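Please keep the structure in view while reading.

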Amino acid sequence: MTPMHFGFNQTHSSINFSFFLFFSMPIPLSMEDKKHFPLAFKLMVVVLFLLLHCVCFCTAVAGSSGGKKGKWQLLLNNTGVVGMHMALTHHGTVIIFDQIGVGQSGYGLRRRYNGTRCMNTQHDLTDWSCFAHSVEYDMSLNKVRPLRLDTDPWCSSGSFLSNGTLLQTGGYGRGSRRIRYFRPCENGHCDWRQSKTLLSDDRWYASSQILPEKDRAIVVGGRQVFSYEFVPKLHSNHRSFDLPFLHRTTNKNEGGNNLYPFVHLSSDGNLFIFANRDSILFNYKRNRVVKSFPRIPGAGSRNYPSSGSSVILPLDHGDQFHKVEVMVCGGAASGAHQAAGQGKFLKGLSSCGRMVISGNTHKWNMENMPGPRLLNDMLILPTGDILIINGAKRGCAGWKNAADPSLQPYLYKPKKTLGRRFSVLKSTKIARMYHSSAILTPDGRVLVAGSNPNNKYTFRNVRYPTELRLQAFVPAYMDRQYHNTRPGNVSIHYGSGTNGGVRYGEGFSVRFWLGRKPSKTVEFSAYAPPFTTHSISMNQRMLKLRCKSMVRGEGGWINAALEAPPSPNVAPSGYYMLTVINGGIPSISQWIRIIHA
C-alpha cells in the first residue's frame with residue numbers, strides 16, 4: 001500500500017523546510033573531493049543543523065507569541081483525505097477518514113488492498129479502491145499512513161471502548177449497517193477491521209454514545225430511521241427499539257432537522273437526547289422517557305442539516321458530579337434547507353442555550369454568540385472553556401448549501417457573568433465548511449481538518465474547493481509568556497494491583513514540576529476524547545477531579561493525591577487525558593485509564 005502520488009509539503013509554522021532540505025540532502029562528490037572536503041564547511045553544516053533543531057524544539061515547546069487571541073499553524077499541505085471524521089487515539093495518533101463514494105481522493109495507492117496493481121488508466125483513476133479514504137496521522141512525526149476501508153463510512157458515528165478501540169458504526173449504502181473496529185497500536189501495522197455482525201437498522205447520520213456498562217454503546221437515529229440499538233451485538237438476533245421522540249421531531253420538508261441528534265450521558269445514568277428543538281431525558285434500560293424538557297426558545301433548528309453543535313459542560317467533584325448542564329449553540333434558520341436548494345442562503349442562528357438537566361427545575365438560559373454560525377464544532381478546552389470553531393454564517397449542511405465561512409473561532413467562558421463570556425479569537429484564512437472537523441490534542445492545541453461541500457474532490461472552479469490542509473489552532477494559554485506557570489513533567493502513578501489503571505472511587509497520585517510556587521487555583525481535569533463529525537463531538541466529556549492533598553517537595557516537584565470518579569455513570573471506563581491546570585495554564589496532558597473493578 002505504498003503511495004502513488006502524495007504531493008505532501010509537510011509544513012511547520014516556524015521552520016523553513018526548504019532550508020533544512022538544502023543542508024540535509026546528499027551532495028555528489030568524487031573520491032578526490034571527499035578526501036579534501038573542507039572541514040570548516042562540515043562544521044558549518046553541523047552548526048546550522050543543530051541551530052535549526054534548537055529553533056524547532058524551542059518553538060514547539062514554548063510557541064511564538066500569539067497574544068490573547070491565539071495563533072494558527074499549518075501542519076500539512078495534504079492529508080490525502082478530507083477530514084470528515086476524526087478521532088484521537090491514546091497512542092497520540094489521529095484517525096481521519098472520508099467517504100469512499102468520492103472515488104478519487106488525494107492519496108493514490110500503487111496497489112489495491114487485494115494486491116492488484118493500480119495503473120494510470122481511466123478506469124483506475126475513478127476506482128475508489130485505488131485510493132486511500134482513511135489515514136492515521138502521527139502527531140510526533142507529522143506524517144500520515146493509509147488505512148483500509150471495505151465499506152462506506154460516509155456520515156457515520158463512533159465511540160471508544162475501554163481498551164482504546166474505536167467502535168465505528170454505520171455509513172452509506174453497503175456501509176449503513178456495518179460495524180467497524182480500529183484498535184490503535186505503536187508499530188504502525190494496525191488497520192480497520194470490519195465485523196461480520198450487522199446493525200439491525202441502517203445508520204446514516206446517526207449518533208453514538210458510550211454507556212456505563214463496560215464496552216457497550218447506543219446508536220440513535222439515522223435518515224428515515226426512528227430507533228436505537230446497542231453495540232457490540234451480544235447476539236446476532238438483537239433488535240432495535242422504536243423511539244417515538246424521533247418521529248415527533250422530524251421535519252421532512254427540511255431534510256429531517258433531527259439527524260445526528262445530540263446525545264449526552266447524564267451522571268444519573270440516563271441519556272439526554274436533543275433533536276431539532278426538543279429534548280428528553282431517556283432511560284435506555286427501560287425504554288422510557290423520564291422527562292420532557294422545555295423547547296429551546298427561538299425559531300430555526302439545531303440538528304442536521306441545520307447543524308448547530310452541543311456540549312455537556314464540565315462535571316465537577318465539588319457537587320459530587322450531580323449538576324449536569326448542557327449547552328447548544330448555532331444552527332440554521334427556518335426554511336434554510338429549501339432556500340439553499342434555490343441558491344438562497346439564509347443567515348444562521350446566533351443564539352446559544354444552556355440548561356441544567358439534573359434536579360427538578362429546567363429552563364433554557366439564552367445568550368448570543370458574536371455572530372451567526374452553523375456547521376460549527378464545540379470543544380471543551382483543558383481550562384474548562386468552550387471553543388467554537390469552523391463553520392459558516394449562512395445556509396445549512398449539504399452539498400453547496402452554505403456560504404460565508406466563519407473564519408474566527410469563539411471562546412466561551414462558562415463561569416463568567418452574562419455578557420462577558422464570549423470573545424473572538426485569531427482568524428484563519430482557510431474556509432472550514434461542510435465536512436470539516438476539529439479535535440483537542442494532548443499538548444493543548446486543536447487540530448482542524450476537512451471541508452468539502454462538493455460531491456467529489458474538486459480543487460478548481462468552485463466557490464469552496466475541497467480542503468486537504470491540516471491546521472492546528474494554538475490557544476493563548478500555550479503562549480511562551482506562561483512558560484514559568486505551566487506544570488511540566490506530569491506523571492501518573494496508580495496503586496499496586498490495578499492492572500494499568502485506576503478503579504472508580506480509588507486514589508492515585510500525580511507528580512509534576514513547577515518552577516515557582518503554585519497559584520491559588522490548581523485543578524486536575526480528565527477529558528474523554530470524542531469522535532467528531534458533522535459538528536458533533538460524540539462522547540466528549542470533562543471531569544474536574546478531587547485533589548485530596550498536594551505537597552511541594554524539593555527542586556520544584558509537587559505530589560498530588562487525587563480521587564478517581566465515583567462511578568461509570570460519571571465516567572464510562574476507558575482512556576482519558578489528565579491535565580494539571582495551574583492558574584488557568586494547562587500542562588501537557590497524560591493518558592489515564594479508568595477501569596471497572
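How much space lies in the second largest cavity? In this predicted model, about 80 Å³ of space lies in the second largest cavity, while the largest cavity has a volume of about 230 Å³.

**Overall make-up**

- The secondary structure of the protein consists of 6 helices and 43 strands, and of its 597 residues 57% are buried.
- Among the contacts in the protein with a separation of 6 or more, 62% are made by residues 24 or more positions apart.
- The accessible surface of the protein amounts to about 25300 Å², and carbon and sulfur atoms account for 52% of that surface.

**The largest cavity**

- The count of cavities of 30 Å³ or more comes to 9, and the largest of them has a volume of about 230 Å³.
- The largest cavity is lined by 19 residues, of which F160, A528, P529, G574 and Y575 are the closest to its centre.
- Strands β6 (157-160), β10 and β41 (574-582) each supply at least two residues of this lining, and β41 gives the most, with 3 residues.
- By residue class, the lining of the largest cavity divides into 10 nonpolar, 8 polar and 1 charged.

**The second largest cavity**

- The second largest cavity has 13 lining residues, and those nearest its centre are F262, V263, H264, I536 and S537.
- Two or more residues of the lining of the second largest cavity come from each of β10, β14 (262-265), β18 (309-312) and β37 (536-538).
- The lining of the second largest cavity holds 5 nonpolar and 8 polar residues, with no charged residue.

- S208 lies in strand β10, which covers residues 207-210; β10 supplies at least two residues to the lining of the largest cavity and gives two or more to that of the second largest cavity.
- S208 has a relative accessible area of 2%, and because this is under 20%, the residue counts as buried.
- The side chains of S208 and S159 are joined by a polar contact of 2.6 Å.
- Leaving aside residues up to four places away in sequence, S208 touches S157, G158, S159, T169, A217, I218, V219, M538 and N539.

Definitions and conventions. Residues are numbered from 1 along each chain as its sequence is written. This is a predicted model: local features need pLDDT of at least 70, side-chain atom pairs count only at pLDDT 80 or more; totals for chains, interfaces and linings use all residues. Side-chain values use heavy atoms; hydrogens and water are left out. Helices (H or I, at least four residues) and strands (E, at least two) are DSSP runs, numbered from the N terminus. Buried means under 20% relative accessible area, exposed over 50%, partly exposed in between (1.4 Å probe, protein chains only). Contact means heavy atoms within 4.5 Å. Accessible areas come from the Shrake-Rupley method with a 1.4 Å probe; for residues, only the protein chains shown count as cover. A polar contact is a pair of N or O atoms within 3.5 Å; within protein, one must be able to donate a hydrogen and the other to accept it, and residues adjacent in sequence count only if both atoms are side-chain atoms. On a 1 Å grid over the protein atoms alone, a cavity is a set of points where a 1.4 Å probe fits but cannot get out, and a pocket is an open set with protein on both sides within 12 Å along at least five of seven lines; lining residues have an atom within 4 Å of a point. Grid points are joined across faces, edges and corners, and a volume is the space filled by probe spheres set on the points. Ala, Val, Leu, Ile, Met, Phe, Trp, Tyr, Cys and Pro count as nonpolar, Asp, Glu, Lys and Arg as charged, and the others, Gly among them, as polar.
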